[in-house]
Amino acid sequence: MLKVIFARIQQKHRTMRYPRGAPPPLSPRFQGRPELDASACVGDCGACSEACPTGAISLEPASNFGLDSPREGLRLDLGKCLFCGACVEACPGGAIQFTKDYRLAASDRASLVLKPGQTELELASALGKKLKSLLGRSLKLRQVSAGGCNACEADVNVLNTLAWDLGRFGIQFVASPRHADGLLITGPVTRNMELALRKTYDSLSEPRIVIVAGSCAIAGGPYIDHPEVLNGAAALELESGRLPVDLFIPGCPPHPLTILDGLLRLIGRIDRGQSR
């Protein structure tokens, strides 16, 4: 026991200070929010959209984006994006580049769509005043893997490690939906998981929230339009309509920092315009 205490003293403080301090360093290979440069687009070649494996990039008339140009413009859906970089390699003009910006979470699906010249995303906002007063200091989540490959699940689990210590923000994962305030869903929602996810959601007590993490849970990911998936959690049919989603966290998989940033914005620990 004394050896353990001595080792802990030597290790000192191991938990990162984010969000009060700087975020942890990111790998040089990390690919964050993409940027679209309309002036660098060489025309209507469509090389980027053809290279995209999930149809996240489309070419539309520039007038749709308020641009005075006869050429077509790029539209990039981060909800579908796998952040694979295939579009960057295919574009002859370098019109698409990935930045190191890890802030990607949004409160609604439409905010995940990037248009030419757009340099910032409309990041997630905090829960409403009533929900924030109820859940902002103690948020219990039931994580559901609805057919995922386990990559998103692994990065969610990272948040429970010593360096990240998600529990210091009052956010914890629980074993039963009856003990939870909401769901964190990963995976494209396979037909085999459709009923299980619906029952899990129904088991939550009101008020309840839903968070989807990863391109699969948002739009189907690499399995998009496969007959055995629903193309994401928002397509799940309930008696009252489609499953309502309060937070979208894109990525394949999303980096733990991206997930944490989204969760903290949801409970009001980071303001919408705050960089960290």
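Two aromatic rings of Phe, Tyr or Trp count as a pair if their centres lie within 6.5 Å. The model shown here is predicted, and a search of the whole structure finds two such pairs.

One of them is formed by tyrosine 18 and tyrosine 102, with 6.3 Å from centre to centre and 80 degrees between the planes. Planes over 60 degrees apart count as edge-to-face, and this pair is therefore edge-to-face. The two tyrosines come from distant parts of the chain, 84 residues apart: tyrosine 18 is in the loop between helix H1 (2-11) and strand E1 (34-36), and tyrosine 102 is in the loop between E4 and E5. Both tyrosine 18 and tyrosine 102 are buried.

The other pair consists of phenylalanine 83 and phenylalanine 98; their ring centres are 5.8 Å apart and their planes stand at 45 degrees, so the pair is tilted. Phenylalanine 83 is in the loop between strand E3 (72-77) and helix H3 (86-90), while phenylalanine 98 is in strand E4, 15 residues apart from it. Phenylalanine 83 counts as buried because its relative accessibility is 11%, under the limit of 20%. Phenylalanine 98 is buried too, with a relative accessible area of 16%.

The loop that holds tyrosine 102 also holds threonine 99, placed between strand E4 (96-98) and strand E5 (113-114). Threonine 99 has a relative accessible area of 16%, so this residue is buried. A polar atom of the threonine 99 side chain lies 3.2 Å from the backbone nitrogen of aspartate 101. Leaving aside residues up to four places away in sequence, threonine 99 touches Phe30, Gln31, Gly32, Arg33 and Glu35.

Arginine 33, one of the residues that threonine 99 touches, meets aspartate 101 in a salt bridge between side chains, at 3.4 Å from N to O.

Another of them joins glutamate 237 and arginine 242, whose closest N and O atoms are 2.6 Å apart. Glutamate 237 is partly exposed, at 41% relative accessibility, whereas arginine 242 is exposed, with a relative accessible area of 52%. Salt bridges that share partners join Arg33, Glu35, Asp101, Arg103 and Glu120 into one network.

Helix H6 spans residues 191-203, and its buried residues include Glu194, Leu197, Thr200 and Tyr201. Seen down the helix axis, the buried residues of H6 fall within an arc of 140 degrees, so they line one face of the helix. The face turned away from that buried side carries the exposed residues Asn192 and Lys199. The buried residues of H6 pack against strand E6 (139-145), strand E8 (182-186), strand E9 (209-213) and strand E10 (237-238).

Glutamate 194 also takes part in a salt bridge with arginine 198, at 3.2 Å from N to O. These two residues are separated by about one helical turn because they are four residues apart in helix H6. In an α-helix there are 3.6 residues a turn, so residues three or four places apart point the same way. Arginine 198 counts as partly exposed, at 22% relative accessibility. Tyrosine 201, one of the buried residues of H6, has arginine 208 over the face of its ring, at 4.1 Å from the ring centre.

Methods. Residues numbered from 1 in each chain as written. Predicted model: local features only at pLDDT ≥ 70, side-chain atom pairs only at ≥ 80, totals over all residues. Heavy atoms only, no water. Buried < 20%, exposed > 50% of the residue type's maximum accessible area, 1.4 Å probe, protein only. Polar contact = N/O pair within 3.5 Å; in protein donor to acceptor, adjacent residues only side chain to side chain. Contact = heavy atoms within 4.5 Å. Arc of directions from axis to C-beta. Phe/Tyr/Trp six-rings, centres within 6.5 Å; stacked < 30°, edge-to-face > 60°. Lys NZ or Arg CZ within 6 Å of the ring centre and 35° of its normal. Salt bridge = Lys/Arg side-chain N within 4 Å of Asp/Glu carboxyl O.
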